[in-house]
Amino acid sequence: MHPPDMLAYGGLWLSAFGAATLLPLQSESVLAGLLALGEQPAWALLAVATFGNVLGSVVNWLLGRYLEHWRGRRWFPVSEAQLAAAQARYRRFGRWSLLLSWVPVIGDPLTVVAGLMREPLPSFVAIVTLAKLGRYLAVAAAVFGVLGDGAS
């Protein structure tokens with residue numbers, strides 16, 4: 001692998017990791033651009049994006065896991081009512097709600113709540129990986145569909 005490959009993979013990983021945390025980043029456009037260039041194998045780009053995004057979600061899970069320690073402090077970012085509502089929704093829909101972890105706006109907080117609700121890490125990682133990979137596969141299908149239409 002030469003340096004441009006490392007730059008492409010590293011940039012994709014960072015954008016995917018950051019997008020999965022509570023940072024306002026987006027990784028789909030980075031992935032789409034790299035797929036359209038066609039300089040790296042699609043499977044490798046999908047793997048790097050998925051790994052980075054899932055690892056970012058694990059950071060959220062860890063934050064949620066330890067969030068309870070600061071509950072009730074004046075600076076705590078979520079009110080008791082908001083926290084109780086989030087916990088109730090998670091209890092209602094359970095771990096399968098993590099299939100929505102790819103959805104903008106609700107996905108990242110959902111992964112924090114999963115940690116707060118003490119979702120076991122193995123099931124969390126398995127479900128979130130399915131969700132994140134599914135989203136990236138949809139991006140790849142869109143890119144290749146557009147490229148396929150343009151080539152004919």
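Leu 83, Ala 86, Gln 87 and Tyr 90 in H4 meet Leu 110, Val 113, Ala 114 and Leu 116 in H5. Contact here means heavy atoms within 4.5 Å. This is a predicted model, in which local features need pLDDT of at least 70 and side-chain atom pairs count only at pLDDT 80 or more, while totals for chains, interfaces and linings use all residues. Residues are numbered from 1 along each chain as its sequence is written, and side-chain values use heavy atoms, with hydrogens and water left out.

Two packed helices are described by the angle between their axes and the distance between the axes. Helix H4 spans residues 80–93 and helix H5 spans residues 107–116. Their axes come within 10 Å and cross at roughly 85°. H4 is therefore roughly perpendicular to H5. That label covers angles of 65 to 115 degrees; under 35 counts as roughly parallel, over 145 as roughly antiparallel, and the rest as oblique. The axes are lines fitted to C-alpha atoms, for helices over the stretch in contact, and angles run from 0 to 180 degrees between N-to-C directions.

Now take the whole fold. The protein chain has six helices and zero strands. Along the sequence the pattern reads α-α-α-α-α-α. Helices (H or I, at least four residues) and strands (E, at least two) are DSSP runs, numbered from the N terminus. The C-alpha atoms fill a box of roughly 60 × 30 × 25 Å along the principal axes. Of contacts between residues at least 6 apart in sequence, 72% join residues at least 24 apart. Buried residues account for 40% of the 152 residues. Buried means under 20% relative accessible area, exposed over 50%, and partly exposed in between (1.4 Å probe, protein chains only).

Two salt bridges turn up in a search of the whole structure. The criterion is a side-chain nitrogen of Lys or Arg within 4 Å of a carboxyl oxygen of Asp or Glu. One pairs Glu 28 with Arg 135, with the closest N and O atoms 3.3 Å apart. This pair links distant parts of the chain: Glu 28 sits in helix H2 (residues 28–37) and Arg 135 in helix H6 (residues 121–151), 107 residues apart. Glu 28 counts as partly exposed because its relative accessibility is 22%. Arg 135, at 12%, counts as buried.

Arg 95 and Glu 119 form a salt bridge too, at 2.7 Å from N to O. Here the partners are 24 residues apart, with Arg 95 in the loop between H4 and H5 and Glu 119 in the loop between H5 and H6. Arg 95 is partly exposed at 35%. Glu 119 is buried at 6%.

Val 105 lies in the loop between H4 and H5. Its phi is near 75°, a positive value in a residue other than glycine. Val 105 is exposed, with a relative accessible area of 76%. Arg 118 lies in the loop between H5 and H6. Its phi is near 65°, again positive in a residue other than glycine. Arg 118 is partly exposed at 43%.

The accessible surface comes to about 8,700 Å², of which 71% belongs to carbon and sulfur atoms. Areas come from the Shrake-Rupley method with a 1.4 Å probe; for residues, only the protein chains shown count as cover. Leu 62, Tyr 66, Trp 70 and Trp 75 make a nonpolar surface patch of about 450 Å². Patches are made of residues with over 30% relative accessible area and no salt bridge; like charges are joined within 9 Å, nonpolar side chains (Val, Leu, Ile, Met, Phe, Trp, Tyr) within 5 Å. Leu 62 belongs to helix H3 (residues 42–67). Leu 62 is partly exposed, with a relative accessible area of 39%.
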